[in-house]
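Dear colleague,

Here is the structure I said I would pass on. My notes on what turned up in it follow below.

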Amino acid sequence: MTRFQLSDESLNSYRFRVLTSGIDLSAFKQNPVMFYQHETKAGMPIGRWKNWEKSGGVLSAETDFDKDDPAVLPIMGKVDRSYLKAASIGIRILEWDDNKKNWLPGQTLPTVTRCLLFEASIVAVPSNANALKLAATGELLRVR
């Protein structure tokens, strides 16, 4: 079991940010699927997320890999060995703030103030550079 930071309020590679307080977890709580590389159309979930938490502008959760699926074991192994250590959220935007006075330096797109979380994926390269593996078996991997 590994805890990941799934999102925070920093600027992502698309030059917008997502406010954690506006992430609606209602659908996600009913079906907290974990994919690899957002392969939601043809791909099968590789597991699920559990013990999710929103705190201090950060959304985090723990992995629960499907260990009975042989196709999942290589991905799980790469996470355990820290070859894969990033995550990314899949959202549907519901509201945004396009007032540039509220933007961060370098921001070029509106701030997402309300969205629906429908999945979170293990990824090789995250859009949010802070969406990383935080801890494994109780050991803190990075200090915020």
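**The nonpolar core**

The largest nonpolar core has 25 residues, and those that touch the most other members are Leu-6, Ile-23, Trp-49, Phe-65 and Ile-122. Please bear in mind that this is a predicted model. Two or more residues of this core come from each of E1, E5, helix H2 (73-80), E6 and E7. The most is given by E7, with 5 residues. In soluble globular proteins, nonpolar side chains tend to be buried together.

Apart from neighbours within four places in sequence, Ile-23 is in contact with Ser-7, Val-18, Lys-54, Leu-59, Ile-89, Cys-115 and Leu-117.

An α-helix has 3.6 residues a turn, so residues three or four places apart point the same way. Just after H2, Ser-82 takes a positive phi of about 65°.

**Salt bridges**

How many salt bridges are there? The count comes to 3.

Arg-3 and Glu-62 form one of them, with 3.7 Å from N to O. Arg-3 belongs to strand E1 (residues 2-7) and Glu-62 to strand E5 (residues 58-65), so this pair ties together parts that are 59 residues apart in sequence. Both Arg-3 and Glu-62 are buried.

Asp-64 and Arg-48 form another, at 2.8 Å from N to O. This pair also links distant parts of the chain, with Asp-64 in strand E5 and Arg-48 in strand E4 (residues 47-55), 16 residues apart. Is Asp-64 buried or exposed? Its relative accessible area is 19%, and because the cut-off for buried is under 20%, Asp-64 counts as buried.

The side chains of Arg-114 and Glu-95 also meet in a salt bridge, at 3.3 Å from N to O. Arg-114 is in strand E7 (residues 111-123) and Glu-95 in strand E6 (residues 86-97), so that distant parts of the chain, 19 residues apart, are linked. Arg-114 is partly exposed, at a relative accessible area of 35%, and Glu-95 is partly exposed as well, at 40%.

**The largest pocket**

The volume of the largest pocket is about 410 Å³. Its lining consists of 24 residues, and Tyr-14, His-38, Ser-88, Ile-89 and Ser-127 lie nearest the centre. Ile-89 has already come up as a contact of Ile-23.

Which elements give two or more residues to the lining of this pocket? They are E1, E6 and E7. E6 gives the most to the lining, with 6 residues. Sorted by class, the lining has 12 nonpolar, 9 polar and 3 charged residues.

**Backbone and loop notes**

Some residues have a positive phi without being glycine. Arg-15 is one of these, with a phi of about 75°. Arg-15 sits in the loop between E1 and strand E2 (23-24) and counts as partly exposed, at 35% relative accessibility.

Asn-51 is another residue other than glycine with a positive phi, near 50°. Asn-51, however, is found in strand E4. It is partly exposed, with a relative accessible area of 44%. Leaving aside neighbours within four places in sequence, Asn-51 is in contact with Arg-3, Ser-60, Ala-61 and Glu-62. Arg-3 and Glu-62 are the partners in the salt bridge at 3.7 Å described above. The C-alpha atoms of Asn-51 and Ile-75 are separated by 21 Å, and the two residues are 24 residues apart along the chain.

Leu-19 is also in the loop between E1 and E2. Beyond its neighbours within four places in sequence, Leu-19 is in contact with Glu-9, Thr-111, Val-112 and Thr-113. From Leu-19 to Gly-47, 28 residues apart along the chain, the C-alpha atoms are separated by 26 Å.

Regards

Technical notes
Residues numbered from 1 in each chain as written. Predicted model: local features only at pLDDT ≥ 70, side-chain atom pairs only at ≥ 80, totals over all residues. Heavy atoms only, no water. Salt bridge = Lys/Arg side-chain N within 4 Å of Asp/Glu carboxyl O. Helix = DSSP H or I, 4+ residues; strand = E, 2+ residues; numbered from the N terminus. Buried < 20%, exposed > 50% of the residue type's maximum accessible area, 1.4 Å probe, protein only. Core = buried A, V, L, I, M, F, W, Y, C linked by side-chain atoms within 4.5 Å. Contact = heavy atoms within 4.5 Å. 1 Å grid on protein atoms, 1.4 Å probe; cavity = no way out; pocket = protein on both sides within 12 Å on 5 of 7 lines; lining within 4 Å. Points joined across faces, edges and corners; volume = space filled by probe spheres on them. Nonpolar A, V, L, I, M, F, W, Y, C, P; charged D, E, K, R; others polar.
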